[in-house]
Amino acid sequence: MVHVEVMNLTTRLSLLEEVQQQSELAWDEFSAIYSQLLQRWLAGEGLQSTDADDIRQDVMLVVMNEIVHFQHSGRVGAFRCWLRRILANRLMRFFRAKGRSGYTNDLSIVADELFSDDSEVSRNWDLEHDRFIMMRLVESLESRFSHQSILIFKRVVLAGEDASLVANEVGVTLGALRVAQHRVLQALKTLADGLVAT
Amino acid sequence: MNKPHAPRDRQWHPSRQEYHLWLRGQLDGSRQQVLEDHLRSCEACAVALPQDRLEEDPFVANLRSLLACADKPTNDESVTSEACLSMADSAEITTDQFVARKRWHPELLIGTGGVGEVWIAVDTKLNRTVALKKLRRETAHIESAQRRFLNEARITARLNHPGIVSVFDLVEDGSHSFYVMTLVRGQSLKSRLTQYHRQVQSNQGGRERELLALLRHWIAVARTIAFAHSQYVLHRDLKSENIVVGQFGQVTVLDWGLAKPMEGFAHGAKQGDDSAASPTNKDRSAGSITLQGARIGTPSFMAPEQAEGRSGDVDPRTDVWGLAAVLYEILTGVAPFVGSNADDVMDAVIHQPVVAPLDLVPDLPTALNEICMGGLRKERHRRFQTAAEFADQLESWMATQTSRRIADTARQSLFEMSDDLMMVFDHRPAVLWANSAWQRSLGWDPNALVGQRPNAMVHPDDTADDDEVFEVLYRGETASGMKRRTLSHDGQYRWHSWTATPILEEGIVCTIGRDIDAEIKRQREYESLLNAFPEAMVVMSREQTIRFVNVQLTELFGHEASALIDQSVSVLWPERLRAAYAARFMRYIRERAVSARDGNHRFFGVRKDGERFPLTIRFSTTQVDEEWLTVATIRRIE
């Protein structure tokens, strides 16, 4: 697999686009990240782990079947909103089928709130989504770039350290540092495009 | 090229605008490469680079705030280097063996395969970008993986062909071995064909052209494989992901990781190397690690002998199957066998019949279907025997296709230039196609005629015998000389003379209508002039066939005009006298001078009811449209 898409040497399509083009590799990466996000979120809302498993699987199944048809409106957070509605829908169905057995709180309220765009639950979901996805995408870059490039990126871009200082410590020219920093940042932007509101 | 932005020295520098485009990610691949290669070594440019871009970038601002609050309370806006570094404690400043070697500097991991991973790397000596393949950390320590890896490097290096990457360097260093090769830029055949099938689904234009382009790429792949076979090398892992189509249409076959020298032709490689690439049954446990890895992604493209693990049966025809599977995917959008897991797929490869491409794509040319299936026979002896033969077949189909397209285009333009009305209809009968003469001469949009009955525009009084005409046509005979009035857009009718000829094997009828409106009108004028003449007249040819009679003549002889037209004029004479009259007539007609001198001639005529009566005839001869016609003016003698 020695090929690079013609458009740009360092960046590919966004993860979302790759998934929509039915790349199996991208789907594996995507589903690993989103399954984890859903699991964490559902656990955070107090669902028992077997129930959370079921709902997560249901949601991922819908996403898998429908993502090809998902059209990004260009509006900020269109994707996480789409996902949030699927999640709300599945939660609702789950509680309709199961009732409140085993739960002291009425969790269908959470589902209701999740439907509404400006509820507290939705705002938290949005924030949690962006934070988690971004973190995992940064992690996924680590397998795509050399340790050195990643280190430069973290120190200069994330931590805002002085570039000349970092270049000195790492032992590269300032120009090489700028190239590395730029490439990793571009790759992250491309990867995150459409998934995380930026 | 550009105005240098740091002009203190005489060296060339990218312009400030180029740097801005680069920072925004808007430079194309090659310009980006040039700029980055320059920036790495240019102190002046690095220092002059817009410093504040990072702080201005809303993406970075958002990123910093998102990640900062990941492990901290949200109200704390400050980001320290420790906080962020803690997320990647594994990232240390390392000087690995590649940096130590100085020349090849891996930069970006772009792909991972069975045993190796591929990096974009910089050749610091020649300042160019290359591809570097090294062992994957997980399997690097396994000796058989190392051997396989080196085997791949040597085989790739040995195959000197435009469709295969060139190897620049090989460093053998146990688990740190790597080799360096051309960086192939382009789009995988997989993504090209996926795009094509998406186009087909959404009914976008340009489909045929794209299919032909994909088929040409396939031929290049087959030729590359044929070359490898000529060098006694089998690929064994052909799939559309392993084929890259470059910007200029150049095709490269990648991933010779499973390639192996053919049995009995250990050409240039020691027999010992062979076992690394082709595990024998004894060796299976070691080989299966990598084989398994290779199988997982690609059983859909595997030949039955591979799926069954009959490694002794793997030969060039195994690659023929692989080529056919790629062709299948080009034609249908899917691999010949798919399933939810590798075992199911392999089971299907062994036991299930291949679904013909034609069953998935009903409008596929049958010849293409057959060529493709010719590579997908489970028994090797029934497949195409060589990749070259396979490529030849498709190439010759493409050639006929191209010449047919040229002929079609030429024919189409001739049809469109014609002033005659043309249409093609089917058995229903409904119009399938009409030419643009319909627009030019009658004002009808040819496309609006499609689906209508072929005589939809014909005057209702002229369609009486059309059903009979259709019957004649469907028997396979040509029908001609049908005079019909055809409606024009302004409500007027024009006369056309139609000829129709069936093409039975296609189940269609081609018709062509010549405009005879002016001709018919002239004839009508001429008829009404003759009818206005007080005496009976008959117009005949040199052969004495009646061409026209006026009203006075039909009244005199008691015949309908239609019963006389095209008959011999002798029907007007008593039977006994016909032979003699014919001879006299001949003389009058031939020798126009005689008729002019002799004036009236006496004859006997016979009415339809049998009554005989004496008459005189005056002859005059005239030339109409190259034909000599004789006008006989007849007067009854009372």
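Predicted model: local features only at pLDDT ≥ 70, side-chain atom pairs only at ≥ 80, totals over all residues.

**Entry 1: two helices in chain A**

I began with helix H2 (residues 24-44) and helix H6 (residues 120-141) of chain A, whose axes come within 10 Å and cross at roughly 140°. That angle makes H2(A) oblique to H6(A). I also looked up the hand of the crossing of H2(A) and H6(A), and it is right-handed.

Who makes the contact? From H2(A) I wrote down A:Glu29, A:Ala32, A:Ile33, A:Tyr34, A:Gln36, A:Leu37, A:Leu38, A:Arg40 and A:Trp41. From H6(A) come A:Val121, A:Trp125, A:Glu128, A:His129, A:Phe132, A:Ile133, A:Arg136, A:Leu137 and A:Ser140. Sorted by class, the contact of H2(A) with H6(A) has 11 nonpolar, three polar and four charged residues.

**Entry 2: chain A as a whole**

Next I zoomed out. Chain A has nine helices and one strand, and along the sequence they follow the pattern β-α-α-α-α-α-α-α-α-α. What share of its 198 residues counts as buried? I found 59% for chain A. I then took the contacts in chain A between residues at least 6 apart in sequence: 68% of them join residues at least 24 apart.

**Entry 3: over to chain B**

Chain B has 26 helices and 21 strands. Of its 638 residues, 47% are buried. For contacts in chain B between residues at least 6 apart in sequence, I noted that 51% join residues at least 24 apart.

**Entry 4: an open sheet**

I traced an open sheet of three strands in chain B, in the order E7-E9-E10, with antiparallel pairing. Strands E7 (187-188) and E10 (251-253) of chain B stand at the edges with a single partner strand each, so one side of each is left without a neighbour in the sheet. Strand E9 (residues 243-245) of chain B is joined to E10(B) by three bridges. I looked up one partner: B:Val245 is bridged to B:Val251 in E10(B).

**Entry 5: hairpins**

Strand E4 (residues 167-171) and strand E5 (residues 178-181) of chain B run antiparallel and are joined by four bridges. B:Asp169 stands opposite B:Val180 in E5(B). E4(B) and E5(B) make a hairpin with six residues between them, and B:Gly174 in the turn has a positive phi of about 55°.

Then I went to strand E20 (residues 612-624) of chain B, which pairs with E21(B) in the antiparallel sense over 10 bridges. B:Thr621 faces B:Thr630 of E21(B) across this pairing. This hairpin has two residues between E20(B) and E21(B), and B:Asp625 in the turn has a positive phi of about 45°.

E21(B) (residues 627-636) also pairs with strand E17 (residues 536-540) of chain B, again antiparallel, over five bridges. There I found B:Met537 opposite B:Thr633 in E21(B).

**Entry 6: loops in chain B**

One loop got two visits, the one between helix H24 (561-564) and helix H25 (578-590) of chain B, where B:Val571 is found. B:Val571 is partly exposed, with a relative accessible area of 27%. Leaving out residues up to four places away in sequence, B:Val571 touches B:Leu564, B:Arg578 and B:Val606. I also checked B:Ile546, 25 residues from B:Val571 along the chain: their C-alpha atoms are separated by 9.9 Å.

B:Asp566 is in the loop between H24 and H25 too. It is not a glycine, yet its phi is positive, about 70°. B:Asp566 is exposed, with a relative accessible area of 57%.

Last stop: which kind of peptide bond runs from B:Arg428 to B:Pro429, cis or trans? It is cis, with omega near -5°. B:Pro429 has its place in the loop between strand E12 (421-425) and strand E13 (431-434) of chain B. I wrote that bond down because most peptide bonds are trans.

How values were computed: Residues numbered from 1 in each chain as written. Chains lettered and ligands numbered in written order. Heavy atoms only, no water. Pairing = 2+ DSSP bridges. Axes fitted to C-alpha atoms, helices over the stretch in contact; angles between N-to-C directions. Parallel < 35°, antiparallel > 145°, perpendicular 65-115°, else oblique. Left-handed = near helix turned anticlockwise from the far one by under 90°. Contact = heavy atoms within 4.5 Å. Nonpolar A, V, L, I, M, F, W, Y, C, P; charged D, E, K, R; others polar. Buried < 20%, exposed > 50% of the residue type's maximum accessible area, 1.4 Å probe, protein only.
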